[in-house]
Amino acid sequence: MVLALVVCAAVVALGVIGLVAFAVRRRVIQRVGGTFDCSYRLKMPADASTQPDLDENGKPTSAPVPQTDGKGWVFGIGRYSGDSIEWFRVFSYAPRPRKVLPRREIEVLGRRYPEGQEELALLSGSVVLRCLHNGAPLELAMSDDALTGFLAWLEAAPPGQRVNVA
């Protein structure tokens with residue numbers, strides 16, 4: 001009986017320690033400032049388009065719109081760090097970012113609202129930003145306020161850097 005109580009207490013203590021570690025890690029990441037909630041699509045659909053939503057005249061293009069199944073999204077925290085964005089998974093103990101996205105390698109293709117199963121996979125009120133990162137498709141989901149800050153950060157690149165913001 002005593003052994004069972006000790007084992008239960010140890011399991012509860014480990015659970016509490018794990019939750020505290022998540023909270024401490026998040027505070028350490030946010031301590032520097034310039035952070036925002038940002039979901040990252042790790043598994044892009046095979047038919048993801050690399051064409052912009054609008055042409056140079058501002059008219060819609062015929063870029064195919066892939067079916068959105070809601071798979072591949074991971075909750076995270078984005079942090080501005082000089083000329084790059086560091087992306088950390090929320091449910092991880094790793095002290096280093098999972099992805100680093102340099103500003104000069106990001107090209108915005110367009111934005112859309114989550115559809116179908118994506119609405120359940122993403123935070124409420126998120127906007128999906130379609131981008132290219134080194135020529136490969138990339139999708140980030142964030143709030144309207146975070147999107148405004150992200151686009152302003154992209155446009156604020158030093159002179160001479162190629163920046164394309166849709």
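**Entry 1: the sheet**

I start with a working rule: two strands count as paired if DSSP finds at least two bridges between them. I also note that this is a predicted model, and I read every value below with that in mind.

With that rule I looked up strand S5 (residues 84–89), and found that S5 and S6 pair in the antiparallel sense over 4 bridges. Within that pairing, Glu86 of the chain faces Val100 in S6.

Next I wanted the whole sheet: in what order do the strands run? The order is S1-S4-S5-S6, an open sheet of 4 strands with antiparallel pairing. Strand S1 (35–37) and strand S6 (99–102) are at the edges with a single partner strand each, so one side of each has no neighbour in the sheet. A reminder to myself: strands of a sheet pair through backbone hydrogen bonds, either parallel or antiparallel.

**Entry 2: helices on the sheet**

Which strands does helix H1 lie across? Helix H1 (residues 2–31) lies across S1, strand S4 (76–81) and S5, and runs at about 25° to S4. Helix H3 (residues 144–155) packs on the sheet too, touching S1, S4, S5 and S6, and its direction makes about 30° with that of S4.

I then took H1 by itself. Its 30 residues reach 43 Å from the first C-alpha to the last, close to the 44 Å expected at 1.5 Å a residue. Gly18, Arg25 and Ile29 are buried in H1. The cover over the buried residues of H1 includes S1, S4 and S5. Just past the end of H1, I found Gly33 with a positive phi of about 95°.

**Entry 3: S7 and S8**

I moved on to strand S7 (residues 106–112). Of its 7 residues, 5 are buried, so S7 is largely enclosed by the rest of the structure. Its partner is strand S8 (residues 127–133); S7 and S8 pair in the antiparallel sense over 6 bridges. In that pairing I noted Gly110 opposite Arg130 in S8.

**Entry 4: the nonpolar core**

Which residues touch the most other members of the largest nonpolar core? Leu140, Met142 and Phe150 do, in a core of 21 residues. I looked up who contributes: S5, S7, S8, strand S9 (136–142) and H3 each supply at least two residues of this core. H3 gives the largest share, 6 residues.

Leaving aside residues up to four places away in sequence, Leu140 touches Cys38, Ser39, Tyr40, Trp73, Leu101, Val127, Val128, Leu129 and Phe150.

**Entry 5: salt bridges**

For charges I took a side-chain nitrogen of Lys or Arg within 4 Å of a carboxyl oxygen of Asp or Glu as a salt bridge. The count comes to 6 salt bridges. I followed three of these pairs.

The side chains of Arg41 and Glu118 form a salt bridge at 3.1 Å, N to O. Arg41 belongs to strand S2 (residues 39–41) and Glu118 to helix H2 (residues 118–121), so the pair ties together parts that are 77 residues apart in sequence. Are these two residues buried or exposed? Arg41 is buried, at a relative accessible area of 2%, and Glu118 is buried at 0%.

Arg41 also meets Glu139 in a salt bridge (2.9 Å, N to O). This pair links distant parts of the chain, with Glu139 in strand S9 and Arg41 in strand S2, 98 residues apart. Glu139 is buried as well, with a relative accessible area of 4%.

Glu139 in turn meets Arg112 in a salt bridge (3.2 Å, N to O). Here Arg112 sits in strand S7 and Glu139 in strand S9, 27 residues apart. Arg112 counts as buried at 15% relative accessibility, because the cut-off for buried is under 20%.

Note on methods:
Residues numbered from 1 in each chain as written. Predicted model: local features only at pLDDT ≥ 70, side-chain atom pairs only at ≥ 80, totals over all residues. Heavy atoms only, no water. Buried < 20%, exposed > 50% of the residue type's maximum accessible area, 1.4 Å probe, protein only. Contact = heavy atoms within 4.5 Å. Axes fitted to C-alpha atoms, helices over the stretch in contact; angles between N-to-C directions. Core = buried A, V, L, I, M, F, W, Y, C linked by side-chain atoms within 4.5 Å. Expected span 1.5 Å × (residues − 1).
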